[in-house]
Each structure stands twice: as structure tokens, then as C-alpha cells.
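Dear colleague,

Here is the structure you were expecting. My notes on it follow below.

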Amino acid sequence: MKLRARSIYTAMLALLMMCWGSVAMAEPAQSQDGGVEKLQGEVWQGTRDGKPGEGSLFYRLEFNADNNVEVTKQSGGFNKTETQKWSLNGDSVLIESLNGDEITDFDGASLAFVDSEEIRFSLDGDGFNIHKWYKYRAFAHVLFVLIGLMALNELCRRLKWSNYVLWFALPIVLIPLWSSYEITYWFKWVKLYSVVGAAALFTLIRFTKVGDMKWAKFGAGAFLAINISEAVMQDFSMGNLANVLNAIGGVLSIITLAGWAMIHADKSKQQDMIWPAMTTFWIIAYDVWNIVFVYLNFPGSATAQMMVLIAATLPSLFIKKGTWLQARAFTLAGSFMYYFSCPFMYESNVVPMPRNDELMLAAGAASFIINGIYAYVFFSKKFRQRQAVASA
């Protein structure tokens with residue numbers, strides 16, 4: 001088992017280095033003309049925080065011949081691609097909607113080149129950055145997120161001191177850096193510090209006497225329930241049928257959590273935090289619900305967040321069972337800290353997922369059905385156990 005784990009860890013590090021190499025190789029040289037004359041044939045993408053009820057907004061601009069640009073806009077309940085007109089005005093790009101278009105976000109906006117890789121959108125005091133998109137670099141970044149977070153999880157399992165640096169020191173030291181970026185959406189800040197708090201608590205459960213206290217075990221389970229509840233509130237606030245179905249799936253995921261009193265630090269060298277009662281079925285149902293949540297609300301980060309989920313699920317299924325909650329906290333907190341430290345890395349390397357109204361509704365229905373099936377299995381088992389006790 002030790003040899004297998006060591007081999008997996010070595011392979012992960014090797015792939016991580018390969019990934020970094022591919023990212024570096026894919027990075028293009030800066031053009032001398034600022035990129036202004038090379039828009040035709042290029043793809044640019046950007047994300048911005050939406051207003052309440054919109055979630056996060058994702059834009060994709062495909063500049064074509066004859067001054068046509070395919071403008072894609074995705075948000076909570078909006079999916080649209082329209083052909084609009086673009087032109088150059090000095091060092092700025094102008095995009096104008098046509099009669100009857102629903103995407104009018106770029107009308108009257110200033111799209112000024114920051115450099116050959118970045119355009120700054122400005123309108124009425126609002127602004128965000130749009131990045132030139134490189135297909136292979138974006139896919140390499142997705143792979144980097146997956147492998148990097150799996151490596152982070154193993155680091156935290158094997159090196160005790162890394163937990164105190166990552167979950168106690170850095171979230172305070174990095175506040176000035178995180179505050180310097182334009183991350184204003186409340187949900188992202190709440191998620192950041194709730195998952196960092198969970199990772200900090202799990203560290204104490206693993207390495208101190210806090211792990212023997214009942215309130216700490218309850219707190220570990222409660223952190224997960226609160227984490228799901230935050231997303232459920234976001235889904236319900238959107239009001240779309242797909243979001244509501246997924247929100248109900250999230251509620252079912254919460255009420256089927258069980259066995260938190262059995263959470264403990266095991267006697268292994270890594271002192272992993274184990275939740276014996278957490279089943280593989282529940283984990284898969286949760287993963288489906290969470291992927292659907294991000295897909296519906298944050299289309300610009302859906303692919304990367306799917307990797308975050310997989311980075312926690314794979315180790316808990318194939319490296320050490322029972323450690324899913326610990327891995328989920330480490331990988332999710334690590335991903336949020338990475339995003340808050342380097343938002344441009346996430347925003348410039350978005351790999352869009354297929355998306356339309358039918359797919360969104362199907363995703364919401366899938367989340368509802370799989371969590372509904374698990375809830376039926378869970379409560380049926382509870383009912384049979386009570387009947388057996390009553391008849392004994």
C-alpha cells in the first residue's frame with residue numbers, strides 16, 4: 001500500500017511539472033503592435049460578478065472577418081450567442097449590438113488594450129478584464145488544477161507543519177493581496193473563509209486534543225452542511241427551474257448526512273480525519289449536485305470546479321477511504337486561495353462547457369434524481385433498522 005501511494009504521489013508530481021512546462025511553452029510572446037491589428041481570428045474571454053439573481057457572468061468574443069464578432073454571454077438563466085459588429089478606434093475596440101439583439105452589454109463601453117493579452121472593459125464606473133484565449137493552455141491549466149490540488153492534499157496529509165502554514169498563516173498574510181483584486185461578489189468571500197475555517201478545524205481535530213471533543217466532531221459535519229446550505233440559498237435565489245431542482249438536491253444531500261459523532265483522527269502516521277459513515281453513493285450524489293451548482297451559477301469556472309471535486313473524490317476512493325471530507329476541505333480551500341491570489345489564471349484559462357436551456361434543465365433534473373434516489377435508499381434503510389429493533 002505504501003509503495004502504491006508513493007508511486008501515485010511521484011506520478012502526480014511528474015505530471016504537475018509536465019503541466020507547468022506545457023503552460024510555459026504555450027505562453028506566446030508579446031506582440032509589438034499591442035495586438036490591436038490581430039483580433040481577426042482570435043478568441044477572447046472574460047468573467048465578471050453579476051447582480052443578485054445573475055450569478056457570475058461569462059463572455060466569449062470570437063472575432064471574425066468582415067468585422068463580425070460572435071458574442072456569447074452566459075449567466076444564471078441566460079445563454080445567448082449573437083453576431084455583432086466590431087471596429088477599432090485607436091487602441092480601443094468597439095462592439096455594437098444589432099437591432100433585436102439581447103446582448104447589449106458592450107454598447108457604449110470602452111474596450112481598451114492593457115497589453116497584447118488583456119483588454120479592459122469600462123462602462124459607467126464598472127469594469128473587468130477580458131483575456132486572449134489559448135485553447136491548449138486553457139486545457140493544460142485545467143489539468144494543472146486537478147493535479148496540483150491532489151498534490152496539495154497529499155502534502156497536507158504527510159507534512160503536519162504545512163497545514164498550519166496553509167490554513168492559519170496564509171489566510172491572514174494574504175488579505176492585502178486578495179483585497180487588491182476586484183472580487184466583490186459576497187458569495188466568493190463567504191466560501192473562501194468558510195472552507196479555510198473548515199480546513200483549520202480539521203487540522204486541530206487531526207493533531208490536537210480538540211479531536212476528542214464532541215463539539216469539534218459536530219463542527220466538522222456542520223461545516224459541510226453549512227457549505228451546502230450557502231449554495232442552496234444561491235440556487236433558490238436564482239429562481240430558475242433548473243436551479244430550484246438542484247437546490248432541492250442540495251437539501252436532500254444535507255438531510256442524509258449521518259454519523260458525524262464517529263468522526264475521528266485515525267492512528268496512522270498521517271493522522272487522517274476519518275468519517276466512517278460517509279458512503280461512496282453519498283459522495284457521488286454530492287459531486288453531481290455540486291458540479292450542477294457551479295455549472296448553473298458560475299459558467300466561467302464550471303470546468304475548473306469539476307476538477308476541484310474530482311481532486312477530492314479520487315484520493316478518498318483510491319488512496320485512503322474515509323478521508324473524503326478532509327480532502328474536500330483541503331482541495332476546495334486550496335482552490336479558493338489560488339483563485340483569490342491569481343484570479344487572472346482562472347479567468348484567462350476558462351474551458352467552456354456545452355450549455356443551453358435544455359442542458360441546464362437536464363443537469364438540474366439529474367441532480368434532483370440522484371440525490372432523491374440516495375435519500376430513498378438512506379431513509380428506507382433507517383426504516384428497516386427501526387422495524388428490526390422494534391420487533392426484537
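**Aromatic pairs**

Tryptophan 324 is buried, at 1% relative accessible area; buried means under 20%, exposed over 50% and partly exposed in between, with a 1.4 Å probe and protein chains only. Please note that this is a predicted model, in which local features need pLDDT of at least 70 and side-chain atom pairs count only at pLDDT 80 or more, while totals for chains, interfaces and linings use all residues. Residues are numbered from 1 along each chain as its sequence is written, and side-chain values use heavy atoms, with hydrogens and water left out.

There are 25 aromatic pairs in the structure. Rings of Phe, Tyr and Trp (its six-membered ring) pair if their centres lie within 6.5 Å; planes under 30 degrees apart count as stacked, over 60 as edge-to-face and the rest as tilted. The pair of tyrosine 286 and tryptophan 324 is edge-to-face, because the ring centres are 5.0 Å apart and the planes stand at 75°. Tyrosine 286 belongs to helix 8 (residues 280-297) and tryptophan 324 to helix 10 (residues 324-341), so this pair ties together parts that are 38 residues apart in sequence. Helices (H or I, at least four residues) and strands (E, at least two) are DSSP runs, numbered from the N terminus. Tyrosine 286 is buried too, with a relative accessible area of 0%.

Ring pairs also link Phe144, Trp178, Trp189, Tyr193, Tyr338, Tyr339, Phe340 and Tyr346 into a cluster.

**Charges over rings**

The charged end of arginine 60 sits over the ring of tryptophan 133, at 4.6 Å from its centre. For arginine 355 the ring is that of tyrosine 295, and the charged end sits over it, 5.6 Å from its centre. A charge sits over a ring if NZ of Lys or CZ of Arg is within 6 Å of the ring centre and within 35 degrees of the ring normal.

**Helix 2 and helix 3**

The axes of helix 2 (residues 135-158) and helix 3 (residues 160-173) come within 5 Å and cross at roughly 120°. Axes here are lines fitted to C-alpha atoms, for helices over the stretch in contact, and angles run from 0 to 180 degrees between N-to-C directions. The two helices are therefore oblique to each other; angles under 35 degrees count as roughly parallel, over 145 as roughly antiparallel, 65 to 115 as roughly perpendicular and the rest as oblique. Helix 2 makes the contact (heavy atoms within 4.5 Å) through Leu152, Leu155, Cys156 and Arg158, and helix 3 through Lys160, Ser162, Asn163, Leu166 and Trp167.

**Single residues**

Glutamate 230 lies in helix 6 (residues 214-238) and counts as buried, at 11% relative accessibility. Apart from neighbours within four places in sequence, glutamate 230 is in contact with Phe187, Val190, Lys191 and Ser194.

Aspartate 107 is in the loop between strand 5 (92-96) and strand 6 (110-115), and at 29% relative accessibility counts as partly exposed. Its C-alpha is 5.3 Å from that of glutamate 96, 11 residues away in sequence.

Lysine 267, in the loop between strand 9 (264-265) and strand 10 (273-274), counts as exposed, at 84% relative accessibility.

**Whole protein**

The protein has 12 helices and 10 strands. Of its 392 residues, 52% are buried.

Regards
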